[in-house]
Amino acid sequence: MKRDPTSFLKEEYDALVKEDLDWKLRVLEGPSTPWCVVDGKRVLMFCSSNHPKLKEMAIRAIKTHGVGSGSVRPIAGSMDIHFELERRLAKFKGAEASLVYQTGFAANAGLIPQLAGKGDLIISDELNHGSIIDGVRLSHADRGVYKHCDTADLARVLDEAEKKSPAPRRMMIITDGVFSMDGDISPLPEIAKLADEHGAMLYVDDAHGEGVLGEGGRGIASHFNLPRNKVHVEMGTFSKAFGVVGGHVSGSKSLVEFAYNKSRTWLLSGSHPPAVAAACIGAIDVLETEPEHVKRLWEHTNHFKKVMKELGFDTGKSQTPITPVMVGDSARAKRLSERLYEENVFALPIIYPMVAKDKARIRTIMNAAMTKEDVDFAIGKFEKVGRELGII
Ligand SMILES: Cc1ncc(COP(=O)(O)O)c(C=O)c1O
């Protein structure tokens with residue numbers, strides 16, 4: 001058979017372009033700060049992060065430890081700075097131990113397939129993040145899905161599994177803590193109760209809860225005052241509220257010892273440059289010593305949601321700083337985003353296939369570095385453009 005080995009690349013890309021589903025990448029020229037320059041235009045950005053302390057610590061680490069770590073963690077790439085970060089994180093989370101991965105995606109893709117295998121069952125919320133879905137796909141376990149945040153449906157899946165012969169050897173429930181598209185919070189206490197009743201492991205992806213929920217931003221388990229041993233794996237990322245990059249898991253010492261001996265993404269991929277590890281330590285320092293950031297984040301969030309709702313915008317079921325501005329139709333969401341950009345507000349549309357066809361929205365994420373004037377500036381522009389496009 002005569003094959004053309006690469007023609008599909010262009011064909012598939014062209015098909016995406018034709019349907020207007022391709023990513024058009026904007027260029028951020030300079031740091032990710034609330035006011036920044038995107039494609040040459042000064043705009044207010046809805047997902048930025050930066051703090052002088054983190055920059056200082058990163059620069060210092062380059063001077064003391066160099067640029068690269070030199071290797072993967074298990075060979076020669078475990079520096080004192082990586083262990084320091086893990087100690088600081090475990091203390092911050094109130095966990096016995098923590099383990100840092102290159103990214104949150106690497107944590108989910110590397111750990112989930114090791115925690116459940118043949119003869120086991122992984123039960124997942126239907127709206128879990130793609131990195132969880134891929135982690136589950138990499139495992140040889142059976143899969144169950146329950147309706148979004150619906151604990152009655154989760155109970156049904158668990159009961160049905162128990163009736164199977166043989167019943168699953170191990171069961172693991174996985175949920176996002178805060179859902180990344182809608183900003184709603186998973187009903188963790190009820191899920192933990194069901195996990196307890198069935199002897200299931202509970203794995204929470206707290207990527208959007210850390211730095212936001214709970215005491216000083218300690219995350220969803222703290223938010224619900226759940227005893228430490230009820231959530232067996234608390235996974236998170238330094239790439240969101242912490243403002244750097246890197247995934248992590250926290251839990252028992254046995255979990256961490258197991259994870260660093262088994263996760264292929266951890267074992268087989270280079271470790272963080274020292275500057276990254278140092279900046280992550282800086283982020284923990286900031287959360288521990290400057291509580292005003294989390295407080296301001298919530299003040300902005302509450303103000304933004306309240307005024308936007310008063311203006312007639314639909315902000316969905318968000319309970320957190322992730323606030324969708326629901327538009328419905330994809331073309332309209334794109335138009336809203338374009339018009340906002342012309343008015344110096346940078347907020348991207350989330351459209352089909354990332355969300356259902358009639359659930360397109362602009363996703364905004366509040367930021368502690370913004371001022372109240374910045375938030376009001378954005379609200380003013382949403383009002384102007386929202387009226388212009390007949391959204392309110
Ligand atoms: C819920 C959730 N989990 C995991 C990730 C992946 O995190 P990272 O950016 O560190 O790879 C993301 C990022 O988009 C996320 O939203």
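Asp153 sits in helix α6, helices here being DSSP runs of H or I with at least four residues and strands being E runs of at least two, both numbered from the N terminus. This is a predicted model, so local features need pLDDT of at least 70 and side-chain atom pairs count only at pLDDT 80 or more, while totals for chains, interfaces and linings use all residues. Residues are numbered from 1 along each chain as its sequence is written, and side-chain values use heavy atoms, with hydrogens and water left out.

Back to Asp153: its relative accessible area comes out at 8%, so it is buried (under 20% relative accessible area; over 50% is exposed and anything in between partly exposed, with a 1.4 Å probe and protein chains only). Leaving aside residues up to four places away in sequence, Asp153 touches Val145, Tyr146 and Lys147, where contact means heavy atoms within 4.5 Å.

α6 and helix α7 (residues 188-198) pack with their axes 10 Å apart and at an angle of about 10 degrees; axes are lines fitted to C-alpha atoms, for helices over the stretch in contact, and angles run from 0 to 180 degrees between N-to-C directions. That makes α6 roughly parallel to α7 (angles under 35 degrees; over 145 counts as roughly antiparallel, 65 to 115 as roughly perpendicular and the rest as oblique). On the α6 side the contact is made by Thr151, Leu154, Ala155, Leu158, Asp159 and Glu162, and on the α7 side by Glu190, Ile191, Leu194 and His198.

Next comes the sheet. An open sheet of 7 strands runs in the order β3-β9-β8-β7-β6-β4-β5, with mixed pairing; two strands pair if DSSP finds at least two bridges between them. β3 (97-101) and β5 (142-146) stand at the edges with a single partner strand each, so one side of each has no neighbour in the sheet. From one strand to the next, the twist averages 20 degrees. Within this sheet, β8 (residues 233-237) and β9 (residues 247-251) run antiparallel and are joined by 5 bridges, with Thr237 partnered by Gly247 of β9.

Helix α5 (residues 130-137) lies across β4 (121-125), β5, β6 (171-176) and β7 (201-205), and runs at about 160 degrees to β6.

Helix α4 (residues 104-115) is mostly covered, with 10 of its 12 residues buried, among them Leu111, Ile112 and Pro113. Its N-terminal end is capped by Thr103, a side-chain oxygen of which lies 3.3 Å from the backbone nitrogen of Phe105.

β1 (residues 35-38) and β2 (residues 41-45) run antiparallel over 4 bridges, and Cys36 stands opposite Val43 in β2. The hairpin of β1 and β2 has 2 residues between the strands, and Asp39 takes a positive phi near 50 degrees there. β2 is also joined to β11 (residues 345-346) by 2 bridges, running parallel, with Val345 of β11 as the bridge partner of Leu44. Finally, 6 bridges link β10 (residues 322-328) to β13 (residues 360-365) in antiparallel fashion, and β12 (residues 349-350) pairs with β13 in the antiparallel sense over 2 bridges.

Notes: A polar contact is a pair of N or O atoms within 3.5 Å; within protein, one must be able to donate a hydrogen and the other to accept it, and residues adjacent in sequence count only if both atoms are side-chain atoms.
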